[in-house]
Amino acid sequence: MSERVAHAVLARVEDGALSHKAGTRGGIMVNGDGAQGKTETVCEALACFQEEWLALNNYANPDAMPGTRDLVAPVAYVRCPVKATPISTCQRILDFYGEDYKGMRLEDLVRTVKTAVVEHATKALVVDDITRLKLHREADHDVLDLIREMMSMPVTLILVGVGIPTSGLLREGRRDPKTREWIYGPLKDRGRSPNDHAASRHERRFQVVDLDPFRYSRPAEMEAWMVHLRRLEGELRLLNNTDGMLTDGGMPEYLFSRTKGVVGILEKLIQHGCRRAMEDKSEHLTKDLLNQFTVTPDDLPDLDADSGEQPNIPRHDPTPKKKATGRIEQRVLRTQCVRTRRPVTPTPRPPAPRYSATLCELRLSRRI
């Protein structure tokens with residue numbers, strides 16, 4: 001699933017980067033539930049593009065003027081503010097480039113953003129958490145218009161969010177069960193918002209791709225889940241051999257039941273397990289060890305719950321931590337029980353001997 005999304009992102013970015021025609025470049029929207037790995041998939045694909053693009057241009061800006069400082073940033077990444085405005089959105093973009101925007105008006109901010117994109121030779125601009133725009137405020141519509149204006153620059157926009165087809169950024173749509181593509185009906189809510197056709201314009205200019213969780217019902221889906229677990233095994237930093245630690249026996253089925261195929265929950269579960277395995281010095285992940293805790297929304301603090309970014313975490317009742325039952329620990333526990341049942345009275349210390357004055361004088365005389 002992530003390979004299909006990465007291929008679509010690379011295809012759209014490369015088409016825009018290699019095109020020298022003046023005009024609007026098509027963008028792409030990556031849709032999915034919370035903690036699905038959308039940001040990691042997009043960043044990994046764009047990291048490959050950046051390395052290839054820099055190598056193609058000898059790690060320099062091909063459009064830079066001679067004698068000027070060459071600052072190259074083929075890919076830019078920003079997160080949409082929780083309560084976004086055109087000013088705060090521009091400031092987020094300028095923070096990525098390190099530009100000074102103190103005292104600038106909106107017109108100056110937009111002009112500075114365009115200049116920074118051109119001077120840094122940016123070919124892809126990622127705006128994460130785009131569904132924080134609820135479009136029930138006028139400021140949200142202004143941000144949407146600002147994004148549409150950015151498409152006129154020589155940069156490809158990649159918007160990442162949760163529930164994009166039903167968020168209002170595009171028209172209300174449904175997914176075709178055969179083609180797995182989103183189908184949008186005719187526009188029916190004209191006149192309800194100050195910008196009636198913004199969604200339809202974005203629909204024509206953006207391609208929507210979905211990143212779904214792993215499934216575990218068909219052989220191909222099972223194999224994809226196993227491949228992901230094998231890659232996680234190679235990243236574990238435990239002293240014992242990690243080969244087969246997540247893929248042998250019933251561990252794949254157990255991990256899927258605990259996470260429902262959501263990679264973000266799986267990552268936190270494995271992280272907690274590795275921490276516990278290092279603390280008890282077992283250096284091994286087992287079902288009994290993973291049953292001792294559960295993943296909570298507090299483990300994902302960077303996801304906004306009001307925007308639907310928090311995933312549905314499967315319920316799990318953690319088992320109490322097992323105490324050590326080695327031979328030494330059993331001997332200590334048995335000794336404590338014996339002492340508790342039969343208290344031992346301490347033996348009195350014999351009194352110190354008392355010497356007579358004559359004997360003391362004799363010893364002193366001998367020392368002298």
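Tutor: Let's start with a term: two residues are in contact when they have heavy atoms within 4.5 Å of each other. This is a predicted model, in which local features need pLDDT of at least 70 and side-chain atom pairs count only at pLDDT 80 or more, while totals for chains, interfaces and linings use all residues. Residues are numbered from 1 along each chain as its sequence is written, and side-chain values use heavy atoms, with hydrogens and water left out.

Student: Thanks! How many helices and strands does the protein have?

Tutor: Helices (H or I, at least four residues) and strands (E, at least two) are DSSP runs, numbered from the N terminus. Here there are 12 helices and 7 strands.

Student: How do I read "buried", and which residues of helix 8 are buried?

Tutor: Buried means under 20% relative accessible area, exposed means over 50%, and partly exposed lies in between (1.4 Å probe, protein chains only). Across the protein, buried residues make up 42% of the 368 residues. In helix 8 they are Met251, Pro252, Tyr254, Leu255, Phe256, Arg258 and Thr259. With 7 of its 9 residues buried, helix 8 (residues 251-259) is largely enclosed by the rest of the structure.

Student: What covers the buried residues of helix 8?

Tutor: The cover includes helix 7 (219-235), helix 9 (263-279) and helix 10 (287-290).

Student: Is Thr112 buried or exposed?

Tutor: Thr112, which is found in helix 4 (residues 106-119), counts as buried because its relative accessibility is 18%. Leaving aside neighbours within four places in sequence, Thr112 is in contact with Leu94 and Met104.

Student: Now the sheet. What does it mean for strands to pair, and in what order do the strands stand?

Tutor: Strands of a sheet pair through backbone hydrogen bonds, either parallel or antiparallel. For two strands to count as paired, DSSP must find at least two bridges between them. In this model, 5 strands form an open sheet in the order 2-3-4-1-7, with parallel pairing. Its edge strands, strand 2 (75-79) and strand 7 (206-210), each pair on one side only. From one strand to the next, the twist averages 20 degrees.

Student: Which residues can I look for at the two ends of the sheet?

Tutor: Strand 2 is joined to strand 3 (residues 124-128) by 5 bridges, and Ala76 stands opposite Leu125 in strand 3. Helix 3 (residues 86-97) packs on the sheet, touching strand 2 and strand 3. For strand 7, the partner is strand 1 (residues 27-31), paired in the parallel sense over 5 bridges. There, Ile28 has Gln207 of strand 7 as its bridge partner. Because 4 of its 5 residues are buried, strand 7 is largely enclosed by the rest of the structure.

Student: Last one: at what angle do helix 1 and helix 2 pack?

Tutor: Axes are lines fitted to C-alpha atoms, for helices over the stretch in contact, and angles run from 0 to 180 degrees between N-to-C directions. Helix 1 (residues 2-17) and helix 2 (residues 38-56) pack at about 40 degrees, their axes 9 Å apart. That makes helix 1 oblique to helix 2; angles under 35 degrees count as roughly parallel, over 145 as roughly antiparallel, 65 to 115 as roughly perpendicular and the rest as oblique. Among the residues making the contact are Val5 and Val9 of helix 1, and Leu46 and Phe49 of helix 2.
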